[in-house]
Amino acid sequence: TNAGMAAQWGEFAPWLGQVPGQQGAVAYGVLYNDTESGIDYLTGVAVDDFGRLPPALARLRIAPRRYAVFGHAGHVASIAETWQSIWSDWFPRSGMTAADAPMFERYSERFDPRTGFGGFELWIPLD
């Protein structure tokens with residue numbers, strides 16, 4: 001749920017910049033394992049080596065592939081509107097199809113988690 005995703009960010013926030021082997025300051029919200037019963041969501045950062053991670057942190061490897069990338073300039077709370085526009089407007093007009101692979105939100109250093117502003121990107125895998 002959206003509330004669960006926000007709570008997960010709250011739990012992960014103290015780890016930002018503290019994850020062993022963290023590469024850069026970009027954070028991700030990854031949506032994967034989309035089934036009829038729901039979708040899994042994982043907050044994280046890129047790391048250079050899974051072996052250095054403490055047991056408290058999960059691991060997820062995302063294979064390189066082609067993505068459609070969409071910017072979201074508004075407040076993070078309005079993300080549903082951007083997702084809706086992508087699925088109901090962009091995909092039907094583009095002729096593209098989404099791949100069965102992880103999608104993710106990419107939060108750069110410009111994003112301010114305290115205010116929810118600063119923009120971010122939505123990356124959707126393509127077939």
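Colleague: Is M103 buried or exposed?
Modeller: M103 is buried, since its relative accessible area is 13%. Buried means under 20% relative accessible area, exposed means over 50%, and partly exposed lies in between, with a 1.4 Å probe and protein chains only.

Colleague: What kind of model is this?
Modeller: This is a predicted model, where local features need pLDDT of at least 70, side-chain atom pairs count only at pLDDT 80 or more, and totals for chains, interfaces and linings use all residues. Residues are numbered from 1 along each chain as its sequence is written, and side-chain values use heavy atoms, with hydrogens and water left out.

Colleague: Back to M103. Where is M103 found?
Modeller: M103 is in strand β4. Helices (H or I, at least four residues) and strands (E, at least two) are DSSP runs, numbered from the N terminus.

Colleague: And what does M103 touch?
Modeller: Not counting residues up to four places away in sequence, M103 touches G29, V30, L31, I39, W83, W87, W123, I124 and P125. Contact means heavy atoms within 4.5 Å. M103 and W123 are 20 residues apart in sequence, yet their C-alpha atoms are 5.7 Å apart in space.

Colleague: Let's zoom out. How many helices and strands does the protein have?
Modeller: There are two helices and five strands. Along the sequence they come in the pattern α-β-β-β-α-β-β.

Colleague: How much of the protein do buried residues make up?
Modeller: They make up 37% of the 127 residues.

Colleague: Which residues have the most contacts inside the largest nonpolar core?
Modeller: They are V19, W83, I86, L122 and I124, in a core of 24 residues. A nonpolar core is a set of buried Ala, Val, Leu, Ile, Met, Phe, Trp, Tyr and Cys residues joined through side-chain atoms within 4.5 Å. At least two core residues come from each of α1 (2-12), β1 (22-35), β2 (38-47), β3 (67-72), α2 (79-94), β4 (103-107) and β5 (120-125). The largest share, four residues, is from α2. There is also a second, separate core of five residues, among them Y32, L42, Y67 and F104.

Colleague: What is V19 in contact with?
Modeller: Leaving aside neighbours within four places in sequence, V19 contacts F12, V45, V47, L53 and L57.

Colleague: V45 is on that list. Where is the place of V45?
Modeller: V45 sits in strand β2 and is buried, with a relative accessible area of 17%. With neighbours within four places left out, V45 is in contact with F12, L16, V19, Q22, V26, A27 and Y28. V45 and Q22 are 23 residues apart in sequence and 6.5 Å apart in space, C-alpha to C-alpha.

Colleague: What about M5, buried or exposed?
Modeller: M5 is buried at 18% relative accessible area, and belongs to helix α1. Residues up to four places away aside, M5 touches L31 and Y41.

Colleague: Last one. What is phi of N33 near?
Modeller: Phi of N33 is near 55°, a positive value in a residue other than glycine. N33 lies in strand β1.
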